[in-house]
Each structure stands twice: as structure tokens, then as C-alpha cells.
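Please look at the sequence and the model first, then read the notes grouped by topic.

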Amino acid sequence: MRTAEEKGKRARTDGAEGDGGEPIDRALLLSIEKLQEVQDEIEKVNEEASDKVLEVEQKYNKIRRPVYVQCNEIIQKIPDFWLTAFLSHPVLGDLLTEDDQQICKHLESVFVDESEDIKSGCSITLTFSSNPYFEDKKLTKTYSMSDDGTVTVKATSIKWKAGMDIVNGKACTKKGEKRLLVDQSFFTWFNGAENESFAHGEMDQISSRKTCGLIL
């Protein structure tokens, strides 16, 4: 009669050995191969699910857009809406200087537009009414992601009016004297894609948390 040890050896492959010289259990190897097949199938299903989720997001982004436009039309009738919203934000509220707050009184809308495929990036656009600070009607910052994960950032170069550049230290008093700016302006966020300032980093974090086409 065969012992239990002998029976165990019969379940192993005929002469096959692993890296350590130990025989490989054929049943175990077969189970691992089947497990890998199932895992491959799960990944395939997950990829299909991701594609479907993107399709739904794309569909409803188009549906949301006119609703956001309608919402913005109402917002424009509320004095200092965006200034109040920014000051109430747990991060933005600490970033706005007195100059920033005066500029934000002219802010009419804030929109986040995602790329067509959702995954490639987004752009954030701030629209202003005519103001004494800069010539631009819109300030936009765009984040683009390539297939290899590289992120490219582009931002509007603000056209400051004479004596109003609070970002690059060129702001002046009404008498033409240079102003001493102690706090960093929120608008450094648009001061070049390579800006690594506090305001820039905090704003990038806020923009990365966007959950809809309109920031509220």
C-alpha cells in the first residue's frame, strides 16, 4: 500500500521541477492559469465599463451646459456673487488679497470645460466685465494630458493696465508711486505655466477637484 507521501508525489508533474528544484503541482499550475484568465476577463469588463462611463459623462456634459448658462444668467443679477463665493471657499478665501477682492467684483462667470473625451484635460475660464485692472475679457487656464501622462499647462498672459499689475510688482498709487505688495495675488495663478507659488499650487488643487462644469 502507498503511503500518503507517495500519493502526494503522484499528483506532481512527471519530472517537472520549479526554480528551486521542487516538482511543480500540475493542479496548482492549472488553477493559476485559470485565475489569470479570469483576471484578464475582469480587466476587459472594467475597460468596457470605463468606456461606458465616459460615454455617459460626455452625454450629460452636453445636457448640463445650457443649464449652467441659465444659472450664470441668474448669477449675474446678484451683486458680488463670485466675490462672496470665493471668500466663502475654505481655500480661496485665504488667497484673495484686497486687490483681488476688488477685481473679483467684476467677475461675471467661472466655467470648467472638459475635453471631448473627458480624459485629455480641461480648461477653466474666468469672464470679467470691463474693469480698471486689465484689458482681458476672459482669463483661461488649460490643462492637457497626453497618452503617456504628461500634463501641459497653458494660461492667459494678463494684459494689465498701467500701474495695475499686482502680480509682477508693477502696481502704482494714484500719484504714480510704486506700491509695496506684501501678500501674493490670486492672479499669480495665470502668471505662467511654470509658476510654483503657493497660490498657484493651491489653485491647481482646487481645479483638480472640479466635479461639474461650473464652480460654485
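UniProt positions are given in the numbering used here, with feature names shortened, and annotations may be inferred rather than shown by experiment. The UniProt annotation "coiled-coil region", from an unreviewed entry, covers residues 28–59. The model is predicted: local features need pLDDT of at least 70, side-chain atom pairs count only at pLDDT 80 or more, and totals for chains, interfaces and linings use all residues. Residues are numbered from 1 along each chain as its sequence is written, and side-chain values use heavy atoms, with hydrogens and water left out.

**Overall make-up**

- The protein has six helices and eight strands; these are DSSP runs numbered from the N terminus, with helices being H or I of at least four residues and strands being E of at least two.
- From the N terminus on, the order of elements is α-β-β-α-α-α-α-β-β-β-β-β-β-α.
- Of the 216 residues in the protein, 28% are buried (buried is under 20% relative accessible area, exposed over 50%, partly exposed in between, with a 1.4 Å probe and protein chains only).
- Among contacts with a separation of 6 or more, 45% come from residues 24 or more positions apart, where contact means heavy atoms within 4.5 Å.

**The annotated region**

- The span of residues 28–59 is 100% helix and 0% strand.
- Its end C-alpha atoms lie 47 Å apart.

- Four strands form an open sheet in the order 3-4-5-6, with antiparallel pairing; two strands pair if DSSP finds at least two bridges between them.
- Strand 3 (107–114) and strand 6 are the edge strands, each pairing on one side only.
- From one strand to the next, the twist averages 10° (axes are lines fitted to C-alpha atoms, for helices over the stretch in contact, and angles run from 0 to 180 degrees between N-to-C directions).
- Seven bridges hold strand 3 and strand 4 in antiparallel pairing, and Ser109 has Thr127 in strand 4 as its bridge partner.
- Strand 4 (residues 121–128) is joined to strand 5 (residues 138–145) by seven bridges, also antiparallel, and Thr125 stands opposite Thr140 in strand 5.
- Strand 5 and strand 6 (residues 151–155) run antiparallel and share five bridges, with Ser144 partnered by Thr152 in strand 6.
- The hairpin of strand 5 and strand 6 has five residues between the strands, and Gly149 takes a positive phi near 90° there.

**Aromatic rings**

- Rings of Phe, Tyr and Trp (its six-membered ring) pair if their centres lie within 6.5 Å; planes under 30 degrees apart count as stacked, over 60 as edge-to-face and the rest as tilted.
- By this rule there are ten aromatic pairs.
- Phe81 and Trp82 form an edge-to-face pair, at 5.2 Å centre to centre with 90° between the planes.
- Phe81 counts as partly exposed because its relative accessibility is 24%, whereas Trp82, at 2%, counts as buried.
- A cluster linked by ring pairs holds Phe81, Trp82, Phe86, Phe128, Phe134, Trp160, Phe186 and Phe187.
- The charged end of Arg65 sits over the ring of Phe111, 4.6 Å from its centre (NZ of Lys or CZ of Arg must be within 6 Å of the ring centre and within 35 degrees of the ring normal).

**Around Leu87**

- Leu87 belongs to helix 3 (residues 81–88) and, at 38% relative accessibility, counts as partly exposed.
- Leaving aside neighbours within four places in sequence, Leu87 is in contact with Gly93, Leu96 and Gln101.
- Leu87 and Gln101 are 14 residues apart along the chain, and their C-alpha atoms are separated by 8.5 Å.
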